[in-house]
Amino acid sequence: MNKKDVIRLLEDIALHLELKAENPFRVSAYRKAAQGLEQDVRSLKEIDDFTKIKGIGKGTKDVIVEFVETGRSTVLEELQQEVPQGLIPLLKLPGLGGKRLATVYQELGVTDRTTLKEACENGSLKTVKGLGEKSAQNILKALERESSRPERMPVNSMLQLSELVETYLDNIVEINRYNLAGSLRRLKETNKDIDFIIATENSQAVREQLIQMDIVKDIIANGDTKVSVTLNDDNEVNVDFRMVEQPAFAATLHHFTGSKDHNVQMRQLAKSRGEKINEYGVMIEETEELVQFESEKSFFAHFGLQEIPPEMREATGEVEAFRHSVPVLRPEDINGDLHMHTTWSDGAESVEEMVQYGRSLGYKYMAITDHSKFLRVANGLNESRLLKQRDEIKRVNDMYDDIHVLAGVEMDILPNGTLDFEDDFLKEMDIVIAAIHSSFQQSESQIMDRLLTAMENPYVDIIAHPTGRIIGRREGYAVHMDNLLDQAARTNTALELNANPQRFDLTTEWLQKAASKGIPIAVNTDAHNTQSLHFMNYGYRRANRAWLQKQDIINTWSKEKLLTFLNRNK
């Protein structure tokens with residue numbers, strides 16, 4: 001548990017109270033408590049008395065303490081029993097904030113998507129103050145979009161579901177080993193379903209436990225070697241489990257990881273050797289011997305190939321290239337993370353906690369880059385707070401001799417094309433990341449003016465999440481990518497590969513073009529808590545998909561080489 005969990009609890013309680021049309025002062029009390037906790041720069045572990053925080057009284061303190069000590073909140077649980085839970089998802093719809101939804105619930109009896117749709121269609125929604133015909137039409141369109149599940153789901157949602165499934169697989173004792181397969185294992189940006197390969201000597205026992213998982217909504221198939229289920233999440237994602245005996249596991253995993261074109265090329269290679277690949281191993285045609293493998297590494301070695309990472313199995317030349325030694329990125333190649341947030345802005349943990357966790361990952365350096373003052377919703381830092389934070393970073397830096405902590409900032413590129421800080425202030429920062437967080441609907445010329453202004457600034461080192469996309473939710477702003485790459489190359493400005501699976505920004509295509517122009521790439525997590533630092537495991541693999549090399553990525557460099565780059569214009 002971290003401070004963000006407590007803030008979410010307080011906001012959830014306030015929301016449920018609002019939906020019940022409770023006393024506005026009581027609603028406000030929980031919102032003020034959440035705001036006070038958000039603005040306090042300490043982490044949850046560092047707070048000894050919650051009542052000393054502005055906005056937190058005895059009542060809200062008791063709620064917080066119970067939640068921290070037990071992981072539960074009786075106040076929220078009671079409210080959840082009193083408020084129809086079908087209301088909560090409706091808050092995502094256009095025009096329905098807490099107060100307005102409370103009115104719709106109290107006056108029209110709307111409790112879920114079905115009753116809301118009826119209110120839109122029979123005209124009763126228009127009787128609610130602030131909601132007219134246009135609002136009803138927009139809500140109906142949003143409901144229609146939600147009701148039609150897209151054919152492919154965003155990678156972030158699918159990764160979260162796969163991790164949930166893995167918590168169940170970990171507890172099935174009859175499973176010898178298992179592994180994620182399919183396009184999700186290759187870290188494709190969108191995926192149709194989730195695949196797992198399971199090695200077991202008791203498939204019947206495994207099957208029985210798979211179909212009994214409480215996250216299963218429907219059973220599609222339940223055969224001797226394959227179980228297919230639909231999960232009971234909002235999008236009803238399908239999961240396929242394929243069960244094999246241990247000797248076949250590696251070949252089956254390779255077969256169902258794909259891609260289809262990669263598998264075709266591997267079969268062609270096998271054919272040239274008088275062999276056939278199937279999902280259980282490699283058949284020697286002359287002797288009809290079935291060769292099986294302990295690992296995918298030994299599977300590839302059988303064909304004289306270096307092991308091809310799953311994320312590179314896309315028929316982009318890997319089968320030919322991996323006949324020779326190909327340098328691929330490994331976790332140990334990453335020397336640090338250069339984009340993260342702490343309790344000073346909208347992060348969940350303190351500078352010291354983030355640094356300690358970075359040390360546990362073996363990092364040689366890391367950068368603290370909280371939001372700048374323009375982003376008030378994220379409790380962004382002004383000049384004086386950044387100077388105070390720098391003192392805190394120096395204190396933590398002095399504690400350790402095995403890691404170097406950079407004092408940085410993720411600075412907003414403002415809608416009018418200027419930057420959030422003056423040059424005299426920026427040149428004192430160890431590292432400056434520039435980013436667009438607002439006015440996404442501006443024209444391409446306006447967006448490009450903003451980005452070019454940042455890259456022209458001698459003290460801006462990295463452009464964060466350069467297109468602003470959120471996979472499956474937001475296309476991103478209008479960037480002329482070829483122009484962006486040309487200017488990044490000219491100004492020697494690094495571009496970010498944001499490893500958060502909601503973003504994966506830049507894409508594979510543009511990473512490849514950036515590398516061809518010699519543009520430095522920073523693989524960063526944009527972490528808002530210690531666990532998000534593990535997004536780096538996705539980041540280096542996304543870099544592999546683009547065939548990036550160590551020299552292309554600034555956070556694989558030595559500390560000395562990195563500092564030379566960061567000080568290039570100072």
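The paragraphs below take a few elements in turn.

This is a predicted model, in which local features need pLDDT of at least 70 and side-chain atom pairs count only at pLDDT 80 or more, while totals for chains, interfaces and linings use all residues. Residues are numbered from 1 along each chain as its sequence is written, and side-chain values use heavy atoms, with hydrogens and water left out.

Helix H1 (3–19), helix H2 (24–39) and helix H3 (58–70) are among the elements that cover the buried residues of H4; helices (H or I, at least four residues) and strands (E, at least two) are DSSP runs, numbered from the N terminus. In H4 (residues 74–82) these buried residues are Val 75, Leu 76 and Leu 79. They cover an arc of only 90° around the axis, and therefore lie on the same side of H4; the arc is that of the directions from the helix axis to the C-beta atoms. Glu 78 and Gln 81 are exposed on the other side of H4. Here buried means under 20% relative accessible area, exposed over 50%, and partly exposed in between (1.4 Å probe, protein chains only).

Lys 4 belongs to helix H1. With a relative accessible area of 17%, Lys 4 is buried. Its side chain makes a polar contact of 3.0 Å with that of Glu 38. A polar contact is a pair of N or O atoms within 3.5 Å; within protein, one must be able to donate a hydrogen and the other to accept it, and residues adjacent in sequence count only if both atoms are side-chain atoms. Not counting residues up to four places away in sequence, Lys 4 touches Glu 38, Asp 346, Gly 347 and Ala 348, where contact means heavy atoms within 4.5 Å.

Further along, helix H18 (residues 444–456) packs with helix H19 (residues 481–491) at an angle of about 10°, their axes 10 Å apart. Axes are lines fitted to C-alpha atoms, for helices over the stretch in contact, and angles run from 0 to 180 degrees between N-to-C directions. H18 and H19 are therefore roughly parallel to each other, the term for angles under 35 degrees. Residues of H18 in the contact include Met 448 and Leu 451, and those of H19 include Leu 484 and Arg 490.

Trp 547 is in the loop between helix H21 (536–545) and helix H22 (559–566). Trp 547 is partly exposed, at a relative accessible area of 26%. A polar contact of 3.3 Å joins its side chain to that of Thr 316.

Notes
Parallel < 35°, antiparallel > 145°, perpendicular 65-115°, else oblique.
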